[in-house]
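Me: I'm new to this one. Could you walk me through it and tell me what backs up each label?

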Amino acid sequence: MNTCPEHIVHLMHEYLDEEISQEQEKELKTHLQQCEACKTHFHELKKTIALVQSTSHIQAPSDFTANVMNRLPKEKKKAGMNRWFQRHPLFVAAAVFFVLMSGSLFATWGGDNEFAFTPSEKVVVEGSTVVIPEGETVEGDFTVRNGDLRVEGEVTGNVTVINGEQYTAGAGTVTGEIEEIDQAFEWLWYSIKSAVKELGDFSRSSDTES
Amino acid sequence: MELIVKKRIQQVLKGDQNAFGEIVELYKDRVYHVCFRMLGNRHEAEDIAQEAFIRAYTNIHTFDIDRKFSTWIFRIATNLCIDRIRKKKPDYYLDAEVAGTEGLTMYSQVESDEPLPEDKVESMELQESIQKEISLLPDKYRSVIVLKYIEELSLKEISEILDLPLGTVKTRIHRGREALRKQLRSI
């Protein structure tokens, strides 16, 4: 067997891998007809493959799938969330932004829980009601937070009452607009409106400047 | 088949564990069989095959959905088998015979519980000796021979599963065949 060229064995394997060219196959066949040792070798290789392939296909135990399912890690909510977050970075960014934004908005609203009003020496406070007495004139806008307002005199600007009510007595006058804000939502709306208004004022004033 | 698997994997990715059960059902026999031929022992084969599916589940998000799932699961399974073989037999090449027989003994113990018809005994014995010879192969030859002749996979697929160049796979198959030939000559 040792006398045979090494490449004959190589050809056998090429043949078994089904990667042999026609010429090589011819060469191999001619050689096998002449050489008894190589013939045996080739036969043994084929027998080996046949034996290995003859082993019966065994099947997995019947409870295999159930066992796998039992061993699977329970979908942890946290793990699931993390995976979800990883796959939706844009949404996470948007959510964080929204939370922070609304947080700051509500902080502005919630922080002003106390009774307050635009400082003015001309007004009188009765409990939680601010009274602008008859004959007095408050110059500019007037705001009351968490309290009521009774106008008997005069206000030359807008009047805003947050979380309260406003009465205008027969003799009282308000030159500007009167606005009552009662709820968080309205407060939000008001904040947006005034922000837009300020923006408008700003652009208008910059327009006139330029 | 591939289409169904793709669909199931997408369901698993959405958190549906039951969809994974269907994937296991589709591949369990092939994966178990490969593990059994690699390890030569039913108990270990079941253990490793289950482990392979669990690893697949926990790493499912790293699976490239455009590739064949079978290639991926075989890759996980053969790697686990090779790890197990090396852990179990750190000096495998020195006392291959002892280690190989050990695996076989456990296998035959499991089998001896059920009575077999006379004619089956002979083929069982032949099967056992073939399995024993496969178990005697060094693990690098064993994995290629098992994938090639038990699973009947193409050389290209084997090279993907084992992450080896095609040339290396070929060489290992040639050497594995030669080694088996010498071992099985007497049968």
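This is a predicted model: local features need pLDDT of at least 70, side-chain atom pairs count only at pLDDT 80 or more; totals for chains, interfaces and linings use all residues.

Me: How do you know how much area chain B and chain A bury between them?

Reply: Buried area is what two parts lose on being put together, summed over both. For chain B and chain A that comes to about 3900 Å², with 59% of it on carbon and sulfur atoms. On the chain B side, B:Tyr149, B:Arg177 and B:Arg181 lose the most area to chain A, together 16% of what that side buries.

Me: Why is the meeting of A:Glu44 and B:Arg181 called a salt bridge?

Reply: The label needs a side-chain nitrogen of Lys or Arg within 4 Å of a carboxyl oxygen of Asp or Glu. A:Glu44 and B:Arg181 have N to O at 2.6 Å, so the pair qualifies. Between chain B and chain A the count is 7 salt bridges.

Me: What makes a set of 74 residues a nonpolar core?

Reply: Its members must be buried, meaning under 20% relative accessible area, and joined through side-chain atoms within 4.5 Å. The largest such core has 74 residues, and B:Phe20, B:Val31, B:Cys35, B:Phe53 and B:Phe69 have the most contacts inside it. Helix 2 of chain B gives the largest share of this core, 12 residues.

Me: Which residues is B:Phe53 in contact with, leaving aside its neighbours within four places in sequence?

Reply: Among them are A:Phe64 and A:Val68 from chain A, plus B:Phe20, B:Val31 and B:Ile73 from chain B.

Conventions. Residues are numbered from 1 along each chain as its sequence is written. Chains are lettered from A and ligands numbered from 1 in the order in which they are written. Side-chain values use heavy atoms; hydrogens and water are left out. Buried area is the accessible area (1.4 Å probe) that two parts lose on being put together, summed over both. Buried means under 20% relative accessible area, exposed over 50%, partly exposed in between (1.4 Å probe, protein chains only). Helices (H or I, at least four residues) and strands (E, at least two) are DSSP runs, numbered from the N terminus. Contact means heavy atoms within 4.5 Å.
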